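Welcome! Please take a moment with the sequence and the 3D view below, and then we will walk through a few spots together.

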Amino acid sequence: MTELEVVARGTARGVRVVEQLVCHPRLQLVACLDSQRPAVHVWGFGGEQFRELGSVGLSSAPYGDALGWERLRRTPAVAWHPEQPFLVVAGEDGVLRWTPAGVSALDGAPVTAGYRSLAFSPDGQTLWGSPSFRVEGGDWESSDVLHLVSGAVGAGPWWDTGVSEHPGGGLVATLASDQGATYCLFARVDQESAPTEMRLLNRALILDCDGYGTPLFSPDGRHMAIRGNAYDHSVDVFEFPSLRRVLATTLGEPSPGYPYPHEWLDQLEAWSPHNIAFGSRPGALWIGTPAGRLAEVDVETRQAVEHDVLSGSRTSALAATATGGLLLAGSAGELVLLAEPATATPSGAANRNAASAAAAQFLQSTREIPADELDTHLILTDGARTWNVNDLATTTEADSTDPTWLQIQAAVNKAR
């Protein structure tokens, strides 16, 4: 068991509940999504203090009784620049940028853009937005690629749920969701072109149904965790680069259900949909619980130990900081910064070397494919079995223990 040190405690003033924490990948900054209205609060942390630095959308109307898709539609999308104190927020007032100097419109962004997901390219020169708003009305089968220097907007591949950079470099993971199944796609990052592109690869994960969160990589790049989904509070961890599933669990009731994600805020026993993080130690996944505890899970042995952190409130959000610490938000407005002892964690150099080797091995085992021909090129795995295009075209047998998407595919093939 790892002993946790409480580095700082504070209160997110003006925020009844922090719904999600998005930490800057390099700096001690965090964007806190407000549960009451489509607003984003920016906080800095260092030493033993939290500092309120600014907000975006603070004058927005409260969510009120908005449920389900109406609620999701109003929830802002955010992305941090990989190096600078520069946050992009897509919300009801368009695409805005926050810096320590204040809030302003983002030059070059389509005026009508209502992006549901945002991400910066690893070099910080390009902003990726989904769905596409190059044409009026939005296109979920495509994304936008905005070159921040020239303001040019180009076409990108289908993705819809966050983008996570592999710590080994040159590789990102994202999700492309459908009600029947979700692809976890991997892409080579081409930084030699402007704007920087995602070049999709032919190896992918397939997850049952939809409603998953952005994939998370461990600091050594050897594991990837995905929190889901629309029907169960699931957590899946995959070995990388093999994509072998090493952990699959359901956290418990109540299930998310609909009108998720609004009602969980008022449920005493509710699990937050943003409650997992990898800390400094690669083999440990941290899970925030409704009891305000942090469960430390060894992803290989599947053993778990709980740590008391919050008193009398639920975990509303959890995230890893740029230095490998853990930032925890509670349902009473608390913010708690935690650290693992340095003696319990590998060196940064060891993690970087392991991550670089894992990314290189994965890239060598894949090839690039056309972004508009996924169904004819992807080799899919659920972490236990693997299917190519021919397998899925001829599968006619599936039982109740198989994923829903496979049962549907088999039934369709059999009917044909």
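Leaving aside its neighbours within four places in sequence, which residues is S164 in contact with?

## About the model

This is a predicted model, in which local features need pLDDT of at least 70 and side-chain atom pairs count only at pLDDT 80 or more, while totals for chains, interfaces and linings use all residues. Residues are numbered from 1 along each chain as its sequence is written, and side-chain values use heavy atoms, with hydrogens and water left out.

## Around S164

Let's answer that opening question: S164 touches L171, V172, A173, T214, P215, L216 and F217, where contact means heavy atoms within 4.5 Å. S164 is part of strand β14 (residues 161-165); strands are DSSP runs of E, at least two residues, numbered from the N terminus.

The side chain of S164 also comes to 3.2 Å from the backbone oxygen of P215. S164 counts as buried, with 10% relative accessibility; buried means under 20% relative accessible area (1.4 Å probe, protein chains only).

Strand β19 (residues 223-228) is joined to β18 by 2 bridges, and A225 in β19 is the bridge partner of L216.

## Cysteines

How many disulfides does the whole structure hold? The search finds 0, a disulfide being a pair of cysteine sulfur atoms within 2.5 Å. For C23, the nearest cysteine sulfur is that of C32, 8.3 Å away. For C184, the nearest is that of C209, at 14 Å.

Technical notes
Two strands pair if DSSP finds at least two bridges between them. Helices (H or I, at least four residues) and strands (E, at least two) are DSSP runs, numbered from the N terminus. Buried means under 20% relative accessible area, exposed over 50%, partly exposed in between (1.4 Å probe, protein chains only). A polar contact is a pair of N or O atoms within 3.5 Å; within protein, one must be able to donate a hydrogen and the other to accept it, and residues adjacent in sequence count only if both atoms are side-chain atoms.
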